[in-house]
Amino acid sequence: MCAPSVLHVALAGMNRREALHFAVGVMAGALASTGEKTAAARPTEETPPDPRPIPRPPQRAIAADTILDLTHTLTPTFPIWPGNKPIALTNTSTFAQHGFYANRWDVGEHHGTHLDAPAHCSADGATVEAIEPASFIAPLAVIDLRERVKNNPDAAVTVDDLTTWEKRHGRLPKGCAVALYSGWDQHAGDAKAFLGTDATGTLHFPGFSQDAAAFLRDERDVVGLLVDTLSIDIGATQEFPVHKLWLGAGKWCVECVAHLGRVPPSGATVFVGTPKVKSASGGPTRVLALWS
Ligand SMILES: [Zn+2]
């Protein structure tokens with residue numbers, strides 16, 4: 001576990017003070033997981049004591065020289081699924097009038113950089129609040145698909161792409177998350193390009209193939225998938241086979257991730273800061289990558 005004093009923030013998205021708070025939070029979480037008492041671990045009126053033992057993830061040192069925000073800023077113009085309403089903020093308090101600033105949000109659960117919980121595509125899948133929190137901190141493997149995407153927006157990660165990554169970087173680590181880097185985040189300011197909508201209304205953007213997702217589910221120990229496109233399925237699908245296969249296995253995914261091109265293909269750790277709304281199928285999510 002890293003000490004806050006050695007944290008060096010090299011990239012955008014977080015200043016030193018924020019990073020320090022973040023590191024303290026990580027360390028508080030680590031203390032809680034080893035059973036030491038912390039203020040954060042004490043039950044409150046809203047959170048009754050949980051008699052279950054705190055799960056112990058496999059011990060791992062988390063490198064944190066660099067912290068990179070993989071989250072798009074969510075605005076009313078951020079590309080979303082056709083037919084959805086964009087996020088709307090209604091101001092409820094101003095500092096000048098009320099002494100504090102606050103808004104009310106109207107936002108879909110699958111807007112912006114967001115989590116899909118298993119319940120999104122499986123009848124008995126976990127909703128957001130029930131997902132094992134240890135799975136949200138994971139070694140991150142980044143699969144670079146940019147070459148194939150250049151001439152084919154319907155390109156998908158194959159089993160071959162995954163085994164090629166393993167030849168270079170070793171077997172996918174236990175409990176890891178696997179990210180598709182297609183370079184699609186560069187289109188986030190242009191909804192038509194991001195969705196790849198053709199004349200028939202069919203969408204075109206890269207994703208994971210069904211075979212690759214089945215390989216990661218059955219042959220490797222992978223907690224989640226991340227993509228820099230709108231969906232883990234390619235845009236042209238009508239059936240969403242990867243969503244059904246992956247979320248049906250009780251695993252999570254994060255869609256519309258940013259800046260994967262700045263993350264090393266191997267050696268980073270991803271933190272997925274999900275909302276904890278009861279019965280939610282997902283939600284806008286802050287995603288960070290750490291490495292040194
Ligand atoms: Zn989604």
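1. Ala-177 touches Ala-138, Leu-140, Val-222, Val-223, Gly-224, Leu-225, Leu-226 and Val-270, leaving aside residues up to four places away in sequence; contact requires C-beta atoms, placed from the backbone, within 7 Å.

2. This is a predicted model, in which local features need pLDDT of at least 70 and side-chain atom pairs count only at pLDDT 80 or more, while totals for chains, interfaces and linings use all residues. Numbering starts from 1 along each chain as its sequence is written.

3. Ala-177 is also among the residues with the most contacts inside the largest nonpolar core, which has 70 residues; Leu-140 and Val-257 are others. Such a core is a set of buried Ala, Val, Leu, Ile, Met, Phe, Trp, Tyr and Cys residues joined through C-beta atoms within 7 Å, where buried denotes 20 or more other C-beta atoms within 10 Å of a residue's own.

4. Strand β11 (residues 268-273) runs antiparallel to strand β5 (residues 137-144), joined by four bridges, with Phe-271 as the partner of Ile-137. Five bridges link β11 to strand β13 (residues 286-291), again antiparallel; here Val-272 stands opposite Val-287. Strands are DSSP runs (E, at least two residues) and helices likewise (H or I, at least four), numbered from the N terminus; pairing needs at least two DSSP bridges.

5. Helices α6 (residues 210-218) and α7 (residues 241-248) pack at about 5°, with axes 9 Å apart. They are therefore roughly parallel, a term for angles under 35 degrees. Gln-210, Ala-213, Ala-214 and Arg-217 of α6 meet Pro-241, Val-242, Leu-245 and Trp-246 of α7.

Note on methods: Axes fitted to C-alpha atoms, helices over the stretch in contact; angles between N-to-C directions. Parallel < 35°, antiparallel > 145°, perpendicular 65-115°, else oblique. Contact = placed C-beta atoms within 7 Å. Buried ≥ 20, exposed ≤ 12 C-beta atoms within 10 Å, placed from the backbone.
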